[in-house]
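Hi everyone, thanks for coming.

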Amino acid sequence: MKFSIALAIAALATSLPALADRLDDIQKAGVLRVAAFDSNPPFGFLDGKTRQISGLDVDVAQAIAKKIGVKLELVPTNPANRIPLLVAGKADLVAANFTVTDERRKQVDFSLPYFASGQQFIARKGILKTPEQLAGLRVGVDKGTTQEIHLREKYPQTTLVAYDDTPLAFTALRNGNVQAISQDGSKLVALLAQAPDKQKYELAPFTLTREYQAIGVPKGETRLVSLVNDTLKELEKSGSAKTIYERWFGPDTKQPLPRDFKIGDQS
Amino acid sequence: MPSPPAWLGHSWLAPQYLGWLGQGLLLTAWLALLVCVLGTLLGIVLTALADSQHKAPRYVAQLFLTAHRNTPLMVQLLLWYFGMPSLLPESALMWLNAPHALALPFGLQLPWPSFEFLAALLALSCYGASFIAGELAAGLNAVPRGQREAAKALGLTALQAFRWVILPQALVIVRRPLLGQYTGIIKNTSLTMAIGVAELSYRSRQVESQTLLTFQAFAVATVLYLALILLWQLAGRSREPAWRGAR
């Protein structure tokens, strides 16, 4: 029901003549309102020192505000609120590790992806180098996640042990109950960074699935979408995209994760 | 078969998922059976210790009973599975988690159970034994003191008196309460899903996350638990007249 109302609103909005669109409103107000996470490091989190929301998503949002020439205002959000904030007009954009899915495309528009993640593995060093080696291993997963379902369907030879959350699965790995654990790559590196015995483990050098994160834009705001896309392309061209990435996932950070995706690789 | 209404998600559980639940049921029954046997044996030992003439065994038994009866079973499971291994040296951990096979005579092999299963068996047995010991002690107290003295007068040692005079009478008295404890053990096995034992509750959650048929997944699990426990109680009750006759 909620869904169909959202669709109706979106349909209505697109059918109206574009007298003044969202980009004009933003320029007139002088403020770009962007929904970002406030507790999901390193994408968006409340920095203890500066007491400001910062992170990779925030850096990207800042670049877009700069391009338009307005001030950036961050609207804190959680995963469930991202679409409602956009549809209700409480935010102009969503920059909150927002994964592109067909289901979401029915309600919002997406920019070019600026980040990619996927199902990865942490294993004891030297055990897991290729997906073929998964057969016969005991792998820990989180109950009810897409990772559990994907492994069960595609790798029936793998013994899965499902735990209540990722830290418990990681404890089972450190105890030797499982030989590897599987989750979203960016989540795994952050977890590995905290382990006291992290030198014993490594991120397996392959990714099973690919998911793309992009900026969410209200449905039908084509000028805003192309402006965001232009900004992202410029960031990649000037090398700023790489600089931003390295600031949060570079070799000197808490969660080093090699950059294997460039803006423009995926539309 | 007609399609179920919308609130049931427009779909029945596919046979594949019923198979998953069936496997879960088998593991639940097998785990519960082993826990009942091990818990009863351990319970008897604890009762004997608590009944000892000497102080030291009585204290050991009391410590065990107090620790296991007064802490949540979930915490004990987490302690056995996640906590204890972190104390063991790495070589011992590797051995525990590697597949082994116990060689039996006639060329048969008994596969080594998973560490999840072992931890569950240990935690549930200790927990169950602490309550079973309570029932047994109550049963022993209900046997008149004169019986023990009479056995002594006949020249039986303390152990002989316990084994041949006191215990058989106490067992008759504690039959019903013990059946209740065993029912509790079957239900308690469901907590082992937290440490990754693929028993019935774990399987039902797995079916739920795969099919999104929430009601069906948990309803079938409920029915299977109920069937298992009723069957178990029926089996326990049906032998009662013979036992009662022994009194």
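In chain B, 38% of the 247 residues count as buried, where buried means under 20% relative accessible area, exposed means over 50%, and partly exposed is in between, using a 1.4 Å probe and protein chains only. Before we go on, this is a predicted model, in which local features need pLDDT of at least 70, side-chain atom pairs count only at pLDDT 80 or more, and totals for chains, interfaces and linings use all residues. Residues are numbered from 1 along each chain as its sequence is written, chains are lettered from A and ligands numbered from 1 in the order in which they are written, and side-chain values use heavy atoms, with hydrogens and water left out.

Let's stay with chain B. How many helices and strands does chain B have? There are ten helices and two strands; these are DSSP runs numbered from the N terminus, H or I with at least four residues for helices and E with at least two for strands. Reading from the N terminus, the order in chain B is α-α-α-α-β-β-α-α-α-α-α-α. Take the contacts in chain B between residues at least 6 apart in sequence, where contact means heavy atoms within 4.5 Å: 73% of them join residues at least 24 apart.

Now for some helix packing. Two packed helices are described by the angle between their axes and the distance between the axes. Find helix α1 (residues 15–50) and helix α2 (residues 55–69) of chain B: their axes come within 7 Å and cross at roughly 135°. The axes are lines fitted to C-alpha atoms, for helices over the stretch in contact, and the angles run from 0 to 180 degrees between N-to-C directions. Angles under 35 degrees count as roughly parallel, over 145 as roughly antiparallel, 65 to 115 as roughly perpendicular and the rest as oblique, so α1(B) and α2(B) are oblique to each other. The crossing of α1(B) past α2(B) is left-handed, meaning that the near helix is turned anticlockwise from the far one by less than a right angle; clockwise would be right-handed.

Who makes that contact? On the α1(B) side we have Leu42(B), Leu46(B), Leu49(B) and Ala50(B), and on the α2(B) side Pro57(B), Arg58(B), Ala61(B), Phe64(B) and Leu65(B). By class, that is eight nonpolar, no polar and one charged residues. Here Ala, Val, Leu, Ile, Met, Phe, Trp, Tyr, Cys and Pro count as nonpolar, Asp, Glu, Lys and Arg as charged, and the others, Gly among them, as polar.

A second pair to look at is α3(B) with helix α5 (residues 115–142) of chain B, whose axes come within 9 Å and cross at roughly 140°. These two helices, α3(B) and α5(B), are therefore oblique to each other, and α3(B) passes α5(B) in a right-handed crossing. Among the residues that meet there are Trp80(B) and Tyr81(B) in α3(B) and Phe115(B) and Tyr127(B) in α5(B). The contact of α3(B) with α5(B) has twelve nonpolar, one polar and one charged residues.

Keep Tyr81(B) in view, and we'll turn to aromatic pairs. Over all chains, the structure holds 17 of them. Rings of Phe, Tyr and Trp (its six-membered ring) pair if their centres lie within 6.5 Å; planes under 30 degrees apart count as stacked, over 60 as edge-to-face and the rest as tilted. Tyr163(A) and Tyr81(B) have ring centres 6.3 Å apart and planes at 25°, so this pair is stacked. The pair crosses between chains, with Tyr163(A) in strand β10 (residues 159–163) of chain A and Tyr81(B) in helix α3 (residues 73–83) of chain B. Both Tyr163(A) and Tyr81(B) are buried.

Within chain A, Phe170(A) and Tyr201(A) make an edge-to-face pair, 5.9 Å centre to centre with 65° between the planes. Phe170(A) sits in helix α7 (residues 166–174) and Tyr201(A) in strand β12 (residues 201–203), 31 residues apart in the chain.

To finish, some backbone details. Most residues other than glycine have a negative phi, and most peptide bonds are trans. Pro41(A) and Pro42(A), however, are joined by a cis peptide bond, with omega about 0°. Arg51(A) has a positive phi, near 60°, and is exposed, with a relative accessible area of 69%. Is Asn97(A), by contrast, buried or exposed? Asn97(A) is buried, at 17%, and its phi is also positive, near 45°.
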